[in-house]
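This report describes selected helices, salt bridges, backbone features and DNA contacts. The structure is shown first.

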Amino acid sequence: MKRLGMQPTLLTCNTLLNALVRYPSSHSIRLSKVVFTDFIKIGVKINTNSFNILIYGSCMENRFGEAIRVLGKMGDYGCPPDNITYNTILDGLCKKGRLNEARELLLDMKNKGLFPNRTTFNILVVGYCKLGWLKEAANVIELMSQNNVAPDVWTYNVMIGGFCKQGRIDEAMRLREEIESLKLSPDVVTYNTLINGCFEHGSSEEGFKLIDEMERRGMKLNSVTYNVMVKWFVKKGKIDEVEKTVRKMEESGCLPDIVTYNTLISWHCKVGKMDEAFQLMDEMGRKGLKMDGVTLNTMLHALCRERKLDEAHDLLCSAHRRGYFVDEVSYGTLIMGYFKHEKASQALRLWDEMKEKEIIPSIITYNSMIAGLCHMGKTYQAIDKLDELLESGLVPDEITYNTIIHGYCQEGQVEKAFQFHNKMVEKNFKPDVVTCNTLLSGLCKEGMLEKALKLFNTRISKGKDVDAVSYNTIILALCKEKRFGEAFDLLAEMEEKKLGPDRYSYHAILSGLTDAGRMKDAEEFISKIAEKGKSEYQFLEMGKRQDARTGEIPQEPHPNAIANSNKINELCSQGRYKDAMKIFHESTQKNIVLLKSTYLNLMDGLTKRRKSTSKEHRLT
DNA sequence: GACGACGACT
């Protein structure tokens, strides 16, 4: 067109820009900027809309600074920014959790005499809900009504999603009823949000009930509904149901999309079936679906898990060359991979590289980095990163604080951990059960078991939740002190509360018993685990007896001890736990004391086997 | 506005 000397019209210009900006490649967005300046040079009279498209592209790349600079220059070209301009950037900022910048921009918008419209408000609700600040989100909804902008289904759907993310399914359900009373009808998004929430936090039955309800109401399930179901069945390992759902999806005219494939690919990667993951990627290509940034990041994650860090790094570079959106998730994945495999210097280098590329770290990226620094024993540097995080306009979350508290505990600085904890509580940090567990283990590690017990009991008496990890932490510490009676009491207590016991509890007890030389008790304990399921509180009786006993007379190692231990260990590694148990019983009958690792291996096997049997149960 | 990828506690 240029060669032919034809002058493009505004429509041509905006159509082309739009196409470039929406096309899923970072190259095309870069091109859109070139095309834009070209259009101005050859004298096309661009309008506000042209700028809005350009800005949308910048936001796609998370270049908010650039977007705001462009917004500032629009006036010079006779194209004043409008609501769409502001909403575009606000949307990007809110989705990324950059609420401080969003607030500033909102102020600027009002100063320019533009009024927030329904979209603006909805964007803000999204921003607050993403951070889990539901009170603030509700305030925005209140503000809408005051400004005569009625909240719509979108608004409520976001709010429902916010409740679901925090596991507050009842409140989410209640809000849905509220919409119906407002004569707004819940749509497919409302249902999908709730169904996903039920699957993630509530009961799956509730979720399936909602699907039935949709069908009864004549509401068509869309690809998201199916993807939510696929994710659920994948999570439960129900391969048949996954296939059935995908088939149903195809029959109903919703072809499996990039999300469906990414879910399946990620699953295969997680269970180590890389071949099948690659097969799915081929299949995707044959069906004309282009892999996206999420697919890329899934593969990066899989490579890191397999310790193939060089390959992961190569993939990152080549993906960048080929125009994929390499983002903070890609970098975060690899940084975490390096830290996990003790390659801190490479992790730090990658962080700098990411910054050089102007890729903005998210809260998760910062948390990974903070965790890595703490892991290296450099909590003071982690604090620097926390400051940097705050400066960047992000809001630290529970994970950020818990990570740093854990860092201090790991260094043996429990005192500092508590100080930091208290200081942060004064800000807006809401300590949760993970915080408590971190402090508990920190206290135990430093031999302050009594303080830990006090913290643990206070938390329970205050009616705050404790979980399996809390119990296991205390049980482990008690066992190390050979206080088996109390340990068994807690074991029974956690069973009563349906919190366990799990393999961590068993591990704690068995390690304690074997370390104390109470091999007979360890053997009996293993047998109990094997029989478990017959009656509840079966460990209680054993625990009570423990206090009366005074340790055991050390025995001469039996000549077959090592041989039998090895045999059992080998059978366990082959997954032949039944055979392993047989040798175990034979050994105990002959009074053969086995190696410590054998007890732990057997226990691992026994807990694994129970898991798989219960899965089989669910299938029938 | 809903679904898929990276982060905390034994």
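In helix H3, the buried residues are Thr48, Ser50, Phe51, Asn52, Ile53, Leu54, Ile55, Gly57, Ser58 and Cys59. Buried means under 20% relative accessible area, exposed means over 50%, and partly exposed lies in between (1.4 Å probe, protein chains only). Helices are DSSP runs (H or I, at least four residues), numbered from the N terminus. Because ten of its 13 residues are buried, H3 is largely enclosed by the rest of the structure.

This is a predicted model, in which local features need pLDDT of at least 70 and side-chain atom pairs count only at pLDDT 80 or more, while totals for chains, interfaces and linings use all residues. Residues are numbered from 1 along each chain as its sequence is written, chains are lettered from A and ligands numbered from 1 in the order in which they are written, and side-chain values use heavy atoms, with hydrogens and water left out.

H3 spans residues 48-60 and reaches 18 Å from its first C-alpha to its last, close to the 18 Å expected at 1.5 Å a residue. The expected span is 1.5 Å times one less than the number of residues in the helix. The buried residues of H3 pack against helix H1 (10-22), helix H2 (26-41), helix H4 (64-73) and helix H5 (83-95). Contact here means heavy atoms within 4.5 Å. Just after H3, Asn62 takes a positive phi of about 60°.

Helix H1 also has a span close to the expected value: its 13 residues reach 18 Å from the first C-alpha to the last, against 18 Å expected. Its buried residues are Cys13, Asn14, Leu17, Leu20 and Val21. They cover an arc of only 130° around the axis, so they lie on the same side of H1. The arc is that of the directions from the helix axis to the C-beta atoms. An α-helix has 3.6 residues a turn, so residues three or four places apart point the same way. The face of H1 turned away from the buried side carries the exposed residues Leu11 and Arg22. The buried residues of H1 pack against H2 and H3.

Salt bridges come next. A salt bridge is a side-chain nitrogen of Lys or Arg within 4 Å of a carboxyl oxygen of Asp or Glu. The count by this rule is 25 salt bridges. Three of the pairs are listed here.

| Pair | N to O distance |
|---|---|
| Asp108 and Lys112 | 3.6 Å |
| Glu450 and Arg483 | 2.9 Å |
| Arg459 and Asp465 | 3.1 Å |

Glu450 and Arg483 link distant parts of the chain, 33 residues apart. Glu450 is in helix H26 (residues 449-461), and Arg483 is in the loop between helix H27 (468-480) and helix H28 (484-496). Arg483 is partly exposed, with a relative accessible area of 22%. Asp108 is partly exposed at 26% relative accessibility, and Lys112 is partly exposed at 47%. Arg459 is buried, with a relative accessible area of 11%, whereas Asp465 is partly exposed at 46%. A network of salt bridges links Lys33, Glu61, Arg63, Glu66 and Glu358.

Some backbone features lie in loops. Lys183 has a phi near 65°, a positive value in a residue other than glycine. Lys183 sits in the loop between helix H10 (169-181) and helix H11 (188-200), and is exposed, with a relative accessible area of 78%. Lys498 has a positive phi near 60°. Lys498 is in the loop between H28 and H29 and counts as exposed at 64% relative accessibility. Gly500 and Pro501 are joined by a cis peptide bond, with omega about -5°. Pro501 is found in the loop between H28 and helix H29 (503-515).

Helix H15 (residues 258-270) gives the most to the surface near DNA strand B, with five residues.

A polar side-chain atom of Asn222 lies 2.9 Å from a base nitrogen of DNA strand B.

Technical notes: Helix = DSSP H or I, 4+ residues; strand = E, 2+ residues; numbered from the N terminus. Polar contact = N/O pair within 3.5 Å; in protein donor to acceptor, adjacent residues only side chain to side chain.
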